[in-house]
Amino acid sequence: PKVKGLNGCDYYLYQCFWYDPSFLEGIMSVQERFNPQSTDIFLASFPKTGTTWLKALTFAICTRSRLSGSTTSSLLSKMPHDCVPFMEYDLAQNPSNRDLAIPLVSTHVPYTCLPKSIISSCCKIIYICRDAKDVFVSLWYFLARLQMSENVEPLLLEEAFELFCNGIANFGPYWNHVLGYWRASLEFPEKILFLTYEEMKKDTAAHVKKLAEFMGCSFTLEEEEEGEVQKIIGMCSFEKLSNLEVNKNGKCLLDISIPIPNSIYFRKGEIGDWANHLTPEMGARLDDIMERKLKGSGLKLPR
Ligand code: A3P
């Protein structure tokens with residue numbers, strides 16, 4: 001089956017999730033032939049749930065020993081997506097498109113559609129999710145800016161909302177994306193770390209330490225005393241990253257080589273901005289859908 005999706009492209013249903021043709025091609029290609037390194041750590045997310053921030057934090061955490069005392073982090077000159085490759089586009093196009101010394105790979109692929117090689121490996125996975133209302137608003141703005149940069153009329157917010165509530169978005173339904181990783185994290189807690197954007201915002205320091213521990217590179221007492229955790233938080237903050245020249249005026253290549261402004265990955269970085277864009281009725285409708293879909297799973301997403 002296919003439907004007209006949020007970005008005006010046809011979306012196709014494949015293994016119970018919706019994709020536009022370019023993502024579908026990437027997923028099928030990695031399902032066939034992607035082979036992780038045993039030390040790889042996958043950063044998994046639905047689009048607009050905090051992928052860029054998670055990439056920045058994990059990259060800063062795992063490269064810190066090389067950097068201590070210096071200000072030459074690649075994050076200052078490269079946008080986080082250029083520091084950590086996406087499996088289904090960067091690596092699908094060219095598996096050597098990565099720095100093997102950095103054990104990070106990111107993906108939007110739902111858990112049940114991941115290449116078997118990842119599931120059967122001892123690779124770890126870090127999943128981030130976020131309140132559905134903020135995800136939708138963030139996604140709508142992202143697509144609208146992308147479409148305007150290509151001189152395409154964006155879909156009305158109300159029309160896009162209707163599609164999202166019906167599960168139609170790249171890698172959607174959102175709730176099934178979340179549930180797949182949630183269930184897997186209950187089954188394999190040592191393999192999958194399940195995080196939320198909201199909890200990370202509320203106590204970033206605790207999460208930076210948790211991430212480091214999970215990634216096998218905990219902070220030493222000495223590092224903590226030297227303020228290493230705070231340095232990483234500062235370097236990866238929305239304020240810092242969104243004001244860097246590379247993220248303000250640079251461009252990156254999204255799938256089929258259309259240069260897109262890096263700035264569209266940095267909008268507001270806040271919790272609850274949905275209330276400025278959706279009516280209370282729309283908010284309640286999406287909350288209700290999420291509640292029904294997650295019922296019985298033991299997962300309660302922050303609102
Ligand atoms: P908003 O549109 O709500 O501002 P993704 O990285 O998965 O594409 O998600 C993008 C969302 O994360 C956007 O949310 C963006 O502003 C926010 N974001 C980007 N960098 C961030 C950072 N360093 N800290 C917190 N949020 C960030």
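**Before you start**

Residue numbers run from 1 along each chain as its sequence is written. You are looking at a predicted model, in which local features need pLDDT of at least 70, side-chain atom pairs count only at pLDDT 80 or more, and totals for chains, interfaces and linings use all residues. Here pLDDT is the predictor's confidence in each residue, from 0 to 100. The protein chain has a mean pLDDT of 93, and 96% of its residues reach 70 or more. The model scores ipTM 1.00 and pTM 0.96.

**Stop 1: the whole chain**

Show the protein chain as a cartoon and you will find 15 helices and nine strands. Helices (H or I, at least four residues) and strands (E, at least two) are DSSP runs, numbered from the N terminus. The C-alpha trace spans about 55 × 40 × 40 Å along its principal axes. Of the 303 residues, 42% count as buried; a residue is buried if 20 or more other C-beta atoms lie within 10 Å of its own, exposed if 12 or fewer, and partly exposed in between, with C-beta atoms placed from the backbone.

**Stop 2**

**Stop 3: strand 6**

Now select residues 124-129, which form strand 6. Five of its six residues are buried, so strand 6 is largely enclosed by the rest of the structure. Look at what lies alongside: strand 4 (residues 41-45) pairs with strand 6 in the parallel sense over five bridges, and strand 7 (residues 192-196) also pairs with strand 6 in the parallel sense over five bridges. Two strands pair if DSSP finds at least two bridges between them. To see individual bridges, pick I41 with its partner K124 in strand 6, then I128 with its partner L195 in strand 7.

**Stop 4: F23**

Finally, click on F23 in helix 1 (residues 21-33). Is F23 buried or exposed? F23 is buried, because 24 other C-beta atoms lie within 10 Å.
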